[in-house]
Amino acid sequence: MKLYRPATILVGLLFILIGGVARLAGPDQVYGDDSNLKVVHGTIGEALPYAGSGSTIKVTRIKFARKILSGDGGSDDKPIDTNGIFVAVEWDAVRGVKDPDTFTPTLITDGDSVYEKVSDPNESEMSFPDAGFASTGAIVFEVNPTDLKGLTLRLKPSMLWNVYNSEVRVDLGVPTEDIAQQMVDHADDQYVVNDSVTRVAS
């Protein structure tokens, strides 16, 4: 009587190989429990590759503001206020040939806070255009002004399959609490959020 059938052995070897491939990335390239997720780090002004799609994303500037206003609003529209502070992240995205994975943009801090983008105004967004094109725009977050140290933009792909992928993290230049406070103190009174603009990629 055979204890192991050839098919059972092959399946076992396949699982071992898959496990080995998923761990090819070094420990400094992975984040948390996502052993198949490489983290691409960058800073403001640096075009970063996105998830092996041939596309790039770049943060061009950040602005702190006490109020935000829709660029498409009428003269009677009032600015949106906050008890915290708004952070507008201006971006430039260039689309590659391959369709990039969708992603969720958030801001994270050294204090483990996670901030999601504001839902209003509608112009606050970050996305890739069609292949061969590039876009510029702004995405706005409402944040706690006392928890901004290590402020980082995180773009994590929405992975439907357990495959090797990568996320983007952009250091937004807030290394200390003192610098964070200075940026809050010098925040603009109002930031106008305009629609993204699409152009032919150069």
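Predicted model: local features only at pLDDT ≥ 70, side-chain atom pairs only at ≥ 80, totals over all residues.

Student: You listed V89. What does V89 touch?
Tutor: Leaving out residues up to four places away in sequence, V89 touches V59, R61, I62, L107, G137, A138, I139, F141, L153 and L172.

Student: Let me step back. How many helices and strands are in the chain?
Tutor: Two helices and twelve strands. Along the sequence the pattern reads α-β-β-β-β-β-β-β-β-β-β-α-β-β.

Student: How much of the chain is buried?
Tutor: Buried residues are 38% of the 202 in the chain. The accessible surface is about 12,000 Å², and 53% of that belongs to carbon and sulfur atoms.

Student: And the contacts, what share join residues at least 24 apart?
Tutor: Among contacts between residues at least 6 apart in sequence, 73%.

Student: Back to strand 6. Is that strand mostly covered or mostly open?
Tutor: Mostly covered, with five of its six residues buried.

Student: Which strands does strand 6 pair with?
Tutor: Strand 9 is one of them: the two pair in the antiparallel sense over six bridges. Strand 7 is another, also antiparallel, joined by three bridges.

Student: What lies between strand 6 and strand 7?
Tutor: Five residues, as the two strands form a hairpin. D112 is in the turn and has a positive phi of about 70°, although D112 is not a glycine.

Student: Is D112 buried or exposed?
Tutor: D112 has a relative accessible area of 69%, so D112 counts as exposed.

Student: Switching to rings. How many aromatic pairs are there?
Tutor: The count is three. One of them is F103 with F128, an edge-to-face pair at 5.9 Å centre to centre with 80° between the planes.

Student: Which parts does that pair tie together?
Tutor: F103 lies in strand 6 and F128 in the loop between strand 7 and strand 8, so the pair links parts that are 25 residues apart in sequence. F103 is buried at 14% relative accessibility, and F128 is buried with a relative accessible area of 16%.

Student: Which residues form one aromatic cluster with F103?
Tutor: Y50 and F128 form that cluster with F103.

Student: What else is in the loop between strand 7 and strand 8?
Tutor: P121 is found there, and a cis peptide bond joins D120 and P121, with omega at about 10°. V118 is in that loop too.

Student: Why does V118 count as buried?
Tutor: Because its relative accessible area is 10%, and buried means under 20%. Leaving aside neighbours within four places in sequence, V118 is in contact with I68, F86, S124, V140, F141 and E142.

Student: How far apart are V118 and I139?
Tutor: They are 21 residues apart in sequence and 8.1 Å apart in space, C-alpha to C-alpha.

Student: Last one: where is E167?
Tutor: E167 is in strand 10, which covers residues 165-171. E167 is buried, with a relative accessible area of 0%.

Student: What does the side chain of E167 join up with in a polar contact?
Tutor: The side chain of R169, at 2.6 Å. Not counting residues up to four places away in sequence, E167 touches L37, K38, V39, V40, R154, L155, K156 and P157.

Methods
Residues numbered from 1 in each chain as written. Heavy atoms only, no water. Helix = DSSP H or I, 4+ residues; strand = E, 2+ residues; numbered from the N terminus. Buried < 20%, exposed > 50% of the residue type's maximum accessible area, 1.4 Å probe, protein only. Polar contact = N/O pair within 3.5 Å; in protein donor to acceptor, adjacent residues only side chain to side chain. Contact = heavy atoms within 4.5 Å. Phe/Tyr/Trp six-rings, centres within 6.5 Å; stacked < 30°, edge-to-face > 60°. Pairing = 2+ DSSP bridges. Areas by Shrake-Rupley, 256 points an atom, 1.4 Å probe, with all protein chains shown as cover.
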